[in-house]
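The following note was prepared for a colleague reviewing this entry.

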Amino acid sequence: MDRSPLSFSFDIGTNSIGWCVLNLDKTGNPCGVVACGVRVFPGSVRGRVAKPAVLERKAARSASRRRDRFVRRRKATARALVEIGLLPEKASAYEKVVRAGGDRPCGGISPCDPYVLRARALHDRLEPFEIGRALMHLAKRRGRKSRRMGGTCRTTGLPGPDLAKRRVDGLEVRNRAFRNPRWTTEPDLPLVTREATEREFAEIWTAQSKFYPDILTPARCARLFRIVFHERDVKIPPPGNCRIILHECRAPRVSRVFQRFRLLKELNDLRLAERGGKTRILTLRERNILHELMQHETFVSYGEMKRALQLSPDTSFSREVTGSTGIFGSRSDHSRRLDGYGRYGQTALMALIRHLEKDVISETEALQLAGLDKGDNRQHRKAFDLLPPYPEVLVRHLPGQCADDGHSGIGKQLRLANTTVHVALNQLRRVVNRLITRFGNPENIAIEMARDIRSSAPEKAAINLLAGEKNRRAADFSLRFSELRRRIPDLADNRVNRKKVRLWEQLDQGDAHNRRCVYTGKRIGEKALFSTEVELDHILPYSRTLDSSLDNMIVCLAAANRVKHDRAPSLVGEWEDCQKGISSRVLNLPETKRWRFFQGAFDRFEREEGFSPRQLSDTRYLARLAREYLDCLFDRRSTRSPFRGVRVVPSRVTAKLRRCWRMDNLAGPRSGGYGASSKSRNDHRQHAVDAAIIGVVTPHLFRKIAGATAYRHSGRSGLMPQMPWPEFRTEVLRHMSNVIVSHKADHGTLPVQQAGSSSATAGKLHNATAYGPTCETAGSGLPLVTVRKPFLALARHDVCKIRDLELRNRLSAAIAGSNGRDIKNVLADFRATDAVCRNIRRVRLITAMRVAEIRDGQGRVFKCCKGDSNHRADIWELPDGKWVSEVVTMHAAHQPGWRSSIRARHHNARKVMTLHRNDMIAFSNRDDRNETEVARVVKFTRDGRMCFVRHNEAGNLKARDGDTDDPFRYIVMVASTLKLLEARRIRVDEIGTISDPGPR
């Protein structure tokens, strides 16, 4: 018996994938829910600033490598100086030389101070060991080299004499991270560059070679210079692959062929705005005139173009509205346009140029005429049975070297630079393949993606800056709205009035008395704004765009809105004579609104923001890649059925249907007010609800939504579309009760203790702060350790922890007499005026804490570290049948030869199970032993307690646990409770299928 065709739908987010499988009828429309579920995986960002975790690991590895290179360079320099005879060979004699010129001044500056030696070496005769000490000191502080600085010297002279003078004057000689110009009156330190240090090295060697010509030879100078100042070459990233011909490198922007393509494309995209707001493209003759003009110019303004084309004064270019002043010509040396690489290679560019020269067409049309819109014949390949690794399909999106052969397998060694998309695509592959294995291949796939995914780190930084600016503007607007309410006592504080004020201010942000209706030109005052004379209007009709954002809204007179009706402003025939006045008033509006008033606005909306599977700007980078990735499951060699393939659903449509069909709270109560969120964010199963709605939004249903909206806007009682079948909500609710949320547990890897094996870690072993052992114990039994802290970064509660008793008493007296002054100013004054502690940089604080001891090769403890996290919890069964837990820290898990203390005391103890974070367990309900509950591990504590939450709980769990209004609480259990409730570890696959071994 043939099975009915199926449809898959996905709600893809930054750390979750909601999925739903639906049955299709003969017409290709969904007719029943088969199954649904949620896959949750760790995101690629960490911390409050949402920094990608890969950046933290990269920074830690870079710091470790820099330290290793510094140590190796220091040892190589010391060996070279010993061979030359500038340093003693014995270690004891070398330490004596170093101590003679120590960095710490005591009772004045020693003539053997390394800074003084560097200044003296330029003109005085030094002893050989003094020369070696000066060169060794210079090698350790060889200055900064940055290609952004261009290698220029930022000091007034050589670093040695300048720093020696500061040393004698008692000022700082090293840039330190905690120095703040507001806290000190000392002159700013000069920035020592590598160029200045190299020049000082050469002058010291030249000056001293006059006294020791046999020792300081040019050959030895060159060898030592190479050791001290060697710099690794910077790896230049490869250009990447052409977007169309996948195995050809992209052409550089500076190349003639790319500049030729760029100029033709920009000229073909130009639009002339004539009288009445009508726009047109350039004719072939006009395009050729401008193209010939730009062959010999660096930059051509729009005014020069108009004169070359002999256009009337009323004609303008559409780009002038956006603030553009002209186009760069063929001789342009504009760095922004010449750096980097384009999207296409030489072969594709030449094919596009041939068609762009023949006619005034767009880049998309040129791709179609050249037969390159199929992308390396990828549309004609056979469908995959299962999703392969994404580099095999998305080769053209991968950075890296170009392949010399024709195999797409070259992409297997590469990955996307965007870690968020990389993680999400890998998880999507696992979910889709598991669904295909269980249900079979789908007839079509629908996807939607959350809006908070961005394609790159710079875009995320720009979004964060934009969010901060929006918050500042929101605060300013609240103040202005409060003042407006004082002037108009009857003004209600609601969403409609706030939106009216925002849009009213956009009419003219500079002059409040010149805020006029864009359509009629009549002034709109404060009192009239909240009357029935003024209305909110969608610039492009909502019935056709479903766009209710502020960019598509404006305040206007109600009479003008009646005339406009359900049309775009450029299509209102009654306003043909006043289009010039409308165009002039439009210039006062934000740039994001201006283009909506001119002809072609609907076409631009369809290209950039419309509901179309081919235009995915609404779903950002991940949706574009996910659509192309999932499309490889469908055969493009055969005639494509209108029901087959991948479609993308805008999130605004699913949000509207979710509210209209009363499906917001299927996964639990709302987590916020109406303005914050219209659905529950505290239950992971809400992603499955979204996936089910995404699956039923077909193009036919979308047309129904648009039609119903048009009826409502026309004043008739148009209703939103009903559910695709009457039992849809009931079926989704029934499947929701059976959903087990699948959580990805990352156990990491532990290093294999074998000779020659590569080390691996399961996570951070400890935090970055090192503590010094004191061999003392506090009253609580915890060891006392010390830690250094910058003096100017001390807080009031840190003063009582200072280990130096004299410093603690003197600073306590200074703070007590400060009369509540700011602690920063008190510390700065104390550091500058105190006779004993003047210019103090760091202090040692003593504290009691549980730490891990770090030992050297002889087994001596030389520092301590505070554990950063716990690796796992081992549950043991003792010979008497009792269950006990042992929490293993991350540091202990990585120690070679580590052995369980429980196993050491009870050699016949049996390990019941091992739990990591995000592992799933099943246990009997405390009230009803016949009912089984599923939960996941959240955290461990050192006293043996383990915290669990139910598999569907989401949100900020720590904040929810402390919120008295939220019924959520952690499920805290110990090993004995786990035994009592017959708990066992279970395995849940990517689509929520449970593998339960049963009670033990």
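Predicted model: local features only at pLDDT ≥ 70, side-chain atom pairs only at ≥ 80, totals over all residues.

1. Helices α6 (residues 194-209) and α7 (residues 218-229) have axes that come within 12 Å and cross at roughly 155 degrees. An angle over 145 degrees counts as roughly antiparallel, and α6 and α7 are therefore roughly antiparallel to each other. Their crossing is right-handed. On the α6 side the contact is made by Arg194, Thr197, Glu198, Phe201 and Trp205, and on the α7 side by Arg220, Cys221, Leu224, Phe225 and Phe229. By class, this contact of α6 with α7 has six nonpolar, one polar and three charged residues.

2. For α9 (residues 284-294) and α10 (residues 302-309), the helix axes come within 10 Å, with a crossing angle of roughly 125 degrees. The range from 65 to 115 degrees counts as roughly perpendicular and angles over 145 as roughly antiparallel; α9 and α10 are therefore oblique to each other. α9 passes α10 in a right-handed crossing. Glu286, Ile289, Leu290, Leu293 and Met294 of α9 meet Glu304, Met305, Ala308 and Leu309 of α10. The contact of α9 with α10 comprises seven nonpolar and two charged residues, with no polar ones.

3. The axes of α26 (residues 686-696) and α28 (residues 728-736) come within 11 Å and cross at roughly 145 degrees. The crossing of α26 and α28 is right-handed. From α26, the contact is made by Ala688, Val689, Ala692, Ile693 and Val696; from α28, by Phe728, Val732 and Met736. What is the class make-up of the contact of α26 with α28? Its residues divide into eight nonpolar, no polar and no charged.

4. Which helix gives the most to the lining of the second largest cavity? α1 does, with four residues. Both α1 (53-84) and α4 (128-140) supply at least two residues each of this lining. The lining residues of the second largest cavity divide into three nonpolar, one polar and three charged.

Technical notes. Residues numbered from 1 in each chain as written. Heavy atoms only, no water. Axes fitted to C-alpha atoms, helices over the stretch in contact; angles between N-to-C directions. Parallel < 35°, antiparallel > 145°, perpendicular 65-115°, else oblique. Left-handed = near helix turned anticlockwise from the far one by under 90°. Contact = heavy atoms within 4.5 Å. Nonpolar A, V, L, I, M, F, W, Y, C, P; charged D, E, K, R; others polar.
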